[in-house]
Amino acid sequence: MSSANVRVPAKINLCLGVGPVRDDGYHPLATVYQAVDLHDEVRATSRDDGEITVTVHSDLDAKSEVAIVPEDADNLAVKAARLLQERTGVTLGADLAIRKVIPVAGGMAGGSADAAASLVACNEAWGTGLSRSSLEQLAARLGSDVPFLLHGGNAIGGGRGETISPVLARGSYHWVFAMAHEGLSTAAVYAEFDRLNEGATVPEPVVPDALLAALRAGDAEALGDALSNDLTEAALSLRPELEDTLSIGIEAGALGAILSGSGPTALFLASDDQHSLDIAFALSSAAGCADVVQSRGPVHGARLG
Ligand code: C5P
C-alpha cells in the first residue's frame, strides 16, 4: 500500500473578463490567474480493490461550510481519481483524505484545487507515471480552473478558463482575503450575469494591457488600479452586503479591491506586511466577514510534499 500527499494552492483572478454565453452553457473568459498561499492537502493511499473513498477534514473557521463538500462520488477529487483510473487502466483504488483550508464555494477554486491535487497524488501513489502535460489534459475535463491549479504561479486563462498560457510577471504580492459567512454557487453567479445582460451585446473579453504592464513591472500600485472582475455586478446583485466589505477594505487604504472569481470572497491588495495587517484589522469587524486571512502570491501549483 503506498501513499502520497499533495499540497495545492487557491487561485485568484487578477482580472476576469467574461464574454457572451456559449452554446455549451459556458462563458468565454480572458483572465489572469495567480496562485496564492492558502493550501488544501490531499493524501491518496492506494487500495487493492479499485474503490475510491473520500473524507474531508476542515481547518476553516466556518466549520459548517465543510458540510456542503460531498463525501461521495460527487466530490471532484473522487471524479479526478476515477478519470485517472479510466485513462491509465490501473486496477488500484484509493482512500482520499482532504484537509480543507481554502473556503468552500468562495470563488477561490477550492473544489478544483482538490481535483488537481487528487490527480497528482493518485498518479504518484499508483505509479501511473503520467506527465504533467497529460495530467493537464485530464484536468481540463474536470473543471475550468483545474489545469491552472496544476500549473500555479501566474498565467493567462482563455477558453472557458482551462487554456493556460504564460504571462511575464515579477514581484510577490501581499493579499488580504475576507471570507463571507456563506458561499455562492459559481453557476448561479454566471446565470445572474446572463440575466443582467439579457438583450445587451456582451463584448468578447480581453485581458487589460494595464494589468499586463503592472505585472511585467512588478508594480503593486499599478496592479491595484488594474484589478477587474466582470462578475462583480452579478455577485453583488445576489449578495448586496459584499459592497460594504469592499468599501471597508478600500477605506483602510487597500491598493485595489475586487471579488475573487464568482465571489463571495473579497480580495484586497496591500503594499507590505504592515499594510496588510492594517487592512485585515479593519475588515475583522465587518459584519459580512466570517474570517480574514493574510496571504502572498504567486506560489507553486499542486506539488508532492
Ligand atoms: O468548470 P466549472 O465546473 O468550474 O464551472 C462551474 C460552473 O460555472 C459551470 O457549470 C457554469 O455554469 C459556470 N461557468 C461558466 N463559464 C465558465 C466557467 C464556469 O458559465 N467559463
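**Charged pairs, then the ligand site**

Modeller: Start with Lys100, which is buried at a relative accessible area of 2%. Buried means under 20% relative accessible area, exposed means over 50%, and partly exposed lies in between, with a 1.4 Å probe and protein chains only. This is a predicted model, where local features need pLDDT of at least 70, side-chain atom pairs count only at pLDDT 80 or more, and totals for chains, interfaces and linings use all residues. Residues are numbered from 1 along each chain as its sequence is written, and side-chain values use heavy atoms, with hydrogens and water left out.

Lys100 forms a salt bridge with Asp114, their closest N and O atoms 2.9 Å apart. That term means a side-chain nitrogen of Lys or Arg within 4 Å of a carboxyl oxygen of Asp or Glu. The pair of Asp114 and Lys100 links distant parts of the chain: helix H2 (residues 110-125) holds Asp114, strand E4 holds Lys100, and they are 14 residues apart. Helices (H or I, at least four residues) and strands (E, at least two) are DSSP runs, numbered from the N terminus. Asp114 is buried too, at 3% relative accessibility. Asp40 joins Lys100 and Asp114 in a network of salt bridges.

The structure holds eight salt bridges. One of them pairs the side chains of Arg99 and Glu41, at 3.1 Å from N to O. Arg99 lies in strand E4 (residues 93-100) and Glu41 in strand E2 (residues 29-47), so this pair ties together parts that are 58 residues apart in sequence. Arg99 is partly exposed, at 31%.

Arg47 and Asp95 also meet through their side chains, at 2.8 Å from N to O. Arg47 is in strand E2 and Asp95 in strand E4, 48 residues apart. Both count as partly exposed: Arg47 has 23% relative accessibility, and Asp95 has 27%.

Beyond strand E4, follow the loop between E4 and H2. Ala105 is in that loop. Its phi is near 50°, a positive value in a residue other than glycine. Ala109 is in the loop as well, with a positive phi of about 65°. Ala105 is partly exposed, at 33%, whereas Ala109 is buried, at 11%. Most residues other than glycine have a negative phi.

Now the ligand. The residues around it include Tyr26, His27, Ser144, Arg160 and Tyr190; a residue counts as near if one of its heavy atoms lies within 4 Å. Helix H5 (residues 186-196) gives the largest share of that shell, three residues. An N or O atom in the side chain of His27 is 2.7 Å from a ligand oxygen. A polar side-chain atom of Ser144 lies 2.5 Å from an oxygen of the ligand. Arg160 brings a backbone N or O atom to 2.9 Å from a ligand nitrogen. Taken alone, the ligand exposes 460 Å², and the protein buries 75% of that. Such areas come from the Shrake-Rupley method with a 1.4 Å probe; for residues, only the protein chains shown count as cover.

Ser144 sits in the loop between helix H3 (132-142) and helix H4 (146-151). Ser144 is buried, with a relative accessible area of 17%.

Methods
Polar contact = N/O pair within 3.5 Å; in protein donor to acceptor, adjacent residues only side chain to side chain.
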